[in-house]
Amino acid sequence: MRVLITGMAGFVGTHLVDFLQRLDPSPDVFGLVKPKGTLPELPPAVTLIEADLEDAASVERAVESVAPDRIVHLAAQSSPQLSWADPAGTYRTNVLGLLHVLEAVRKRGIAPRTLVVGSAEEYGLADARDLPLREDAPLRPQSPYASSKVAQGFLALQ
């Protein structure tokens, strides 16, 4: 199995690799990272692939080189606070980035199982009577980050 993890340099990426290796040490794991980005210490089993999610051709080359059976899309601008300062950048990274990944897969004619990670921010402020929230709770995003994550979810459904 060939697993492509976007946002490999983020907090969750390294933990996901550790988890996958505990389940089965045989998958080939490819971590998509920003060109010239700062990298944490990564497990040696990860093959790094540099690609800019905002550049469709860059993402297409990465998907072509990996030919993944599975994709876990973790890459995001994940700060609600920063999303207010740069809403366009947040949408470029979060929505356009995912679109480039999905389009690269479609153009290649492959159908990897794909997980697009969401955020509790999509649900906004919840009334205590509604807790614990269920996945079918109404979406009430209250920041550009939160609405970009809602857009990602709907884009993934397409």
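**View A. The second largest pocket, about 210 Å³ in volume.** Everything here comes from a predicted model, where local features need pLDDT of at least 70, side-chain atom pairs count only at pLDDT 80 or more, and totals for chains, interfaces and linings use all residues. Residues are numbered from 1 along each chain as its sequence is written, and side-chain values use heavy atoms, with hydrogens and water left out. A pocket is an open set of points on a 1 Å grid over the protein atoms alone, where a 1.4 Å probe fits and protein lies on both sides within 12 Å along at least five of seven lines. Its volume is the space filled by probe spheres set on the points, which are joined across faces, edges and corners.

**View B. Who lines the second largest pocket.** Lining residues (an atom within 4 Å of a point) include Leu99, Arg106, Thr114 and Leu155. Two or more residues come from each of α4 (87–108), β5 (113–116) and α5. Helices (H or I, at least four residues) and strands (E, at least two) are DSSP runs, numbered from the N terminus.

**View C. The largest pocket, with about 630 Å³ of space.** Among its 26 lining residues, Gly7, Gly10, Leu74, Ala75 and Ala76 sit closest to the centre. α1 (11–23), β2 (28–33) and α5 (144–157) each give two or more residues to this lining, and α1 gives the most, with three.

**View D. The lining of the largest pocket by class.** Look for 13 nonpolar residues, nine polar and four charged. Ala, Val, Leu, Ile, Met, Phe, Trp, Tyr, Cys and Pro count as nonpolar, Asp, Glu, Lys and Arg as charged, and the others, Gly among them, as polar.
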